[in-house]
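Hi,

Here is the structure I promised to pass on. Have a look at it first, and then read my notes below.

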Amino acid sequence: EVHLFGHDNFPAISADLKILVPTDSLAYHGLYQVMASTYFDSLYDEHKSCDENLQNISQLFIVNYQSLEQELNPDSIEIGSSYNWEIIKNNKIVYHGKQYISFMNEQYAFTGGAHGNTMRDYYTYDLKNQKLLTSGAVFISDSCSAIIELQKRSLTKAGIDLGNLWDDGFKCDNFYLLNKGIVFHYNQYEIASYAAGPMDVFVSFRGIQPYLKNTELLKEQNK
């Protein structure tokens, strides 16, 4: 923890940052780079170790937090618990199939306000061709509207009232694989209120097959 004004009596920032990458960075160089670069995003320095990159972003969080001191009076009684910041960032593999791995980057951040927010971003990596799969490489061009309709059918089947969802928030680019289909993930506030929580929407390979550009994914069904 690092406290404002360097004093234990003041609010503090807590940062818990962890990253999972292949232990053999040479044999799995492509996967290693993808997992590291998506985790650190624009701050990633491929010439440094993951531990060094973790230290860099941790320091950046601290510097941003300490910038609050410029607008606060250390003698004010208004510097309460709402100035405590908490950052939790990690990643994990959610699916490991024959040819594909899907993994998630998750970040929880409380930087004041009523509550913190959790964001989950999913990625799928092609082990055979050693590349990250984009939605454009997975789905046929201009098929997202049709895929969204499949998502809505899945939600309706699960008993969710579509009238409570925000129609313009639906999309096709945050997804992960299962051996029976594809799951589209929505973070809080994307298609529903914070109270509704995040949502995972499953669409079977059978249903989505007409819209797949990459039909190699169908082989995952036989796992």
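C144 and C172 form a disulfide, with their sulfur atoms 2.2 Å apart; the rule asks for a pair of cysteine sulfur atoms within 2.5 Å. By this rule the count comes to one disulfide. The torsion about the S-S bond of C144 and C172 is about 100 degrees, so the disulfide is right-handed.

A note on the source: this is a predicted model, where local features need pLDDT of at least 70 and side-chain atom pairs count only at pLDDT 80 or more, while totals for chains, interfaces and linings use all residues. Residues are numbered from 1 along each chain as its sequence is written, and side-chain values use heavy atoms, leaving out hydrogens and water.

Back to the two cysteines: C144 is partly exposed at 29% relative accessibility, whereas C172 is buried at 6% relative accessible area. (Buried means under 20% relative accessible area, exposed over 50%, partly exposed in between, with a 1.4 Å probe and protein chains only.)

C50 is also worth a look. C50 is buried, with a relative accessible area of 9%. Leaving aside residues up to four places away in sequence, C50 touches I19, V21, Y32, A36 and F40, where contact means heavy atoms within 4.5 Å.

Enjoy exploring!
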